[in-house]
Amino acid sequence: GFNYLAESADEIVKDNEINTVFITTRHNLHAVNVLKAIQNNKNVFVEKPLAMNEEELSEIKDAYEAANLKGNPKQVMVGFNRRFSPAVQDLKKLFLPEQMKSIAIRVNSGVMPVDHWVNDPEIGGGRIIGEGCHFIDLAMFLADSPIVSVSADATQDANNLNNTVVINLKMKNGSIASINYFANGNKAVPKEQIEVFSGGTIAQIDDFRSLKTFGKKSKTIKYKGQDKGHANGVQTFLKSISKGQPCPIPFEESYLSMLATFKVNQSLKENRKILISI
């Protein structure tokens, strides 16, 4: 169903017949294309990460706010798909937004070749920026509260990649989260485990295949296959545009998730907790 094949990204963003663009390039080209799209009055779906550093993130924030001030608001949504997983959506219904939660996310991310493009600081930015942002965003979504501090520790490796890292987050409502992103494991173990503790209830997601709840009553929901929310996220985004509804992920939350991700690297470099002003 494609209309035509363009010779450049500029041709797409300058086409007045197009109101929405998807940016799925390698990471180093995300920010520049997001900026061009915003400046040409397009809605934007961009794969994570939104930017490669805080400077690019600030530029995008300024452009987004300027477009809104001109009375021409557009949606900018990052592909943080795990929010849209059926298991995560069902888990969210178990707790009230105001409840303080303790969140544990374990990611058995697997070994990646040192020369993989994601590990290139100029192209991929490393795995914390390239994938860790997913779980920082998920933790904030589950907590129903903005992140106010970040601290992190990583295992040492010969290439200083920081691909095996423990990230601790504190939220404004008192919730806490620990993200164990480990690249030194084995694929025989499922990749992602999520646990939320609050008010005498524990909810566990096993690799987006099942949701177990432990409380006054125990319950298990098994899903048909593994659904990390990719399709739901895109469909919800497109529906919000066609129906004139708010962006499924508020820009402010995407911005904060990325800012907190950059603060992980700052925490590792400076060996301290980093506070975030909100």
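**Helix packing and a buried alanine**

Tutor: Helix 3 passes helix 7 in a left-handed crossing. The model is a predicted one.

Student: Why is helix 3 called roughly antiparallel to helix 7?

Tutor: The axes of helix 3 (residues 54-69) and helix 7 (residues 251-270) cross at roughly 165° and come within 10 Å. Angles over 145 degrees count as roughly antiparallel, so helix 3 is roughly antiparallel to helix 7.

Student: Which residues make the contact of helix 3 with helix 7?

Tutor: Helix 3 contributes Glu54, Leu57, Ile60, Lys61 and Tyr64. From helix 7 come Phe251, Glu252, Tyr255, Met258, Leu259, Phe262, Lys263 and Gln266. By class, the residues of this contact are 8 nonpolar, 1 polar and 4 charged.

Student: What makes helix 2 and helix 3 roughly parallel?

Tutor: Helix 2 (residues 30-39) packs against helix 3 at an angle of about 10°, and their axes are 10 Å apart. Angles under 35 degrees count as roughly parallel, and therefore the two helices are roughly parallel to each other.

Student: Which residues of helix 2 and helix 3 meet?

Tutor: On the side of helix 2 they are Ala31, Val34, Leu35 and Ile38. On the side of helix 3 they are Glu56, Glu59, Ile60, Ala63, Tyr64 and Ala67. The contact of helix 2 with helix 3 has 8 nonpolar and 2 charged residues, and no polar ones.

Student: Where is alanine 51, and why is alanine 51 called buried?

Tutor: Alanine 51 sits in the loop between strand 2 (43-46) and helix 3. Its relative accessible area is 0%, and buried means under 20%, so alanine 51 is buried.

Student: What does alanine 51 touch?

Tutor: Leaving out residues up to four places away in sequence, alanine 51 touches Ala31, Glu56, Leu57, Ile60, Ile129, Met258 and Phe262. Alanine 51 and glycine 79 are 28 residues apart along the chain, with 12 Å between their C-alpha atoms.

Student: How many helices and strands does the protein have, and what makes the protein as compact as a globular protein of that length?

Tutor: There are 7 helices and 12 strands. The radius of gyration is 19 Å, and the globule rule gives 19 Å for 278 residues, so the protein is as compact as a globular protein of that length. The C-alpha atoms fill a box of roughly 55 × 45 × 40 Å along the principal axes.

Student: How much of the protein counts as buried?

Tutor: The share is 45% of the 278 residues. Among contacts with a separation of 6 or more, residues 24 or more positions apart account for 64%.

Notes
Residues numbered from 1 in each chain as written. Predicted model: local features only at pLDDT ≥ 70, side-chain atom pairs only at ≥ 80, totals over all residues. Heavy atoms only, no water. Axes fitted to C-alpha atoms, helices over the stretch in contact; angles between N-to-C directions. Helix = DSSP H or I, 4+ residues; strand = E, 2+ residues; numbered from the N terminus. Parallel < 35°, antiparallel > 145°, perpendicular 65-115°, else oblique. Left-handed = near helix turned anticlockwise from the far one by under 90°. Contact = heavy atoms within 4.5 Å. Nonpolar A, V, L, I, M, F, W, Y, C, P; charged D, E, K, R; others polar. Rg over C-alpha atoms; globule rule 2.2 N^0.38 Å. Buried < 20%, exposed > 50% of the residue type's maximum accessible area, 1.4 Å probe, protein only.
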